[in-house]
Amino acid sequence: MILPIYLYGEPVLRKLAEEVDVESTDFKPLIADMFETMYHAGGVGLAAPQIGKAIRLFVIDSEPFKEAFPDVQIYKGAFINPIITEEWGDNFVFSEGCLSIPQISEEVTRKSQIRIEFFDENGTFHEAEFDGLVARIIQHEYEHLDGRMFVDNLSQIKKIVLKRQLTDIATGKTKPAYKTPRKK
Ligand code: NI
């Protein structure tokens with residue numbers, strides 16, 4: 001089922017998302033819906049706050065990057081209660097976009113390598129290292145769980161330049177091609 005994607009300006013995107021009980025809850029149906037929603041909207045990652053749920057869960061699939069970046073590591077999966085325990089390596093600049101911030105993409109600098117602990121959709125615990133674009137997608141989605149978005153990382157000048165566009169998203173003037181929640 002394709003779920004509505006919450007856009008910049010929605011309070012849920014600014015909440016500190018809560019940990020979930022991986023043992024007693026089956027997240028597979030929600031995760032399947034999140035993948036379907038993400039593919040429909042043409043994204044490579046989607047965090048639960050973006051579908052209106054302030055819980056610590058996101059999904060990623062780096063496969064669509066393959067066309068533009070043939071060397072990209074392909075990784076598809078869900079990350080439940082993730083904790084990035086370490087970030088290191090070079091500062092890596094990449095132009096990011098976000099399904100909650102349609103029509104804006106800006107260069108963001110992040111560390112090139114991460115170590116992360118998480119549970120997958122079967123409730124299995126993992127500790128893994130990622131680099132390159134997969135690390136980038138994870139870092140971007142992880143921020144959503146802390147009520148942050150990639151535009152928060154931009155310089156003050158860039159934020160001023162983008163202010164009008166962000167207001168247009170928050171007020172419903174910018175309409176993406178995918179479903180969003182109806183404004184009251
Ligand atoms: Ni995003």
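Modeller: We shall go from the overall form to single elements and residues. Please keep in mind that this is a predicted model.

Biologist: Which helices and strands does the protein have, and in what pattern along the sequence?

Modeller: One begins by listing the elements and then reads their order. Here the secondary structure comes to three helices and five strands. Along the sequence the pattern is α-β-β-β-β-β-α-α.

Biologist: How does the radius of gyration of the protein read against that of a compact globule?

Modeller: For 184 residues a compact globule would have a radius of gyration near 16 Å, and the protein has 16 Å, so the two agree. The C-alpha trace spans about 45 × 40 × 30 Å along its principal axes. Of the 184 residues, 47% count as buried. The protein exposes about 9700 Å², and carbon and sulfur atoms supply 49% of that area.

Biologist: What share of the contacts comes from residues 24 or more positions apart?

Modeller: Among contacts in the protein with a separation of 6 or more, residues 24 or more positions apart account for 67%.

Biologist: Let us turn to a helix. What span does helix 1 reach, and which of its residues are buried?

Modeller: For a helix, one looks at its span and then at its buried residues. Helix 1 covers residues 28-41, has 14 residues and reaches 20 Å from its first C-alpha to its last, close to the 20 Å expected. Its buried residues are Leu30, Ile31, Asp33, Met34, Phe35, Thr37, Met38 and Ala41. Their cover includes strand 1 (45-47), strand 2 (57-61) and strand 3 (76-96). Helix 1 is followed by Gly42, whose phi is positive, near 80°.

Biologist: Strand 2 is part of that cover. Is strand 2 itself enclosed or open?

Modeller: To judge a strand, one examines each of its faces. Five of the five residues of strand 2 are buried, so the strand is largely enclosed by the rest of the structure. Leu57, Val59 and Asp61 lie on one side, with Phe58 and Ile60 on the other, and both faces are covered.

Biologist: How many bridges join strand 2 to strand 1 and to strand 3?

Modeller: Strand 1 and strand 2 pair in the antiparallel sense over three bridges, and Ala47 stands opposite Phe58 in strand 2. Strand 2 and strand 3 also run antiparallel, joined by five bridges.

Biologist: Are Cys98 and His140 buried or exposed?

Modeller: The cut-off for buried is under 20% relative accessible area. Cys98 is buried, at 10%, and His140 is buried, at 8%.

Biologist: Where does Phe69 lie, and which residues does it touch?

Modeller: Phe69 lies in the loop between strand 2 and strand 3. At 34% relative accessibility, Phe69 counts as partly exposed. Not counting residues up to four places away in sequence, Phe69 touches Phe94 and Leu133. The C-alpha atoms of Phe69 and Leu133 are separated by 9.2 Å, although the two residues are 64 residues apart along the chain.

Technical notes. Residues are numbered from 1 along each chain as its sequence is written. This is a predicted model: local features need pLDDT of at least 70, side-chain atom pairs count only at pLDDT 80 or more; totals for chains, interfaces and linings use all residues. Side-chain values use heavy atoms; hydrogens and water are left out. Helices (H or I, at least four residues) and strands (E, at least two) are DSSP runs, numbered from the N terminus. The expected span of a helix is 1.5 Å times one less than its number of residues. Buried means under 20% relative accessible area, exposed over 50%, partly exposed in between (1.4 Å probe, protein chains only). Contact means heavy atoms within 4.5 Å. Two strands pair if DSSP finds at least two bridges between them. The radius of gyration is taken over C-alpha atoms; the globule rule is 2.2 Å times the number of residues to the power 0.38. Accessible areas come from the Shrake-Rupley method with a 1.4 Å probe; for residues, only the protein chains shown count as cover.
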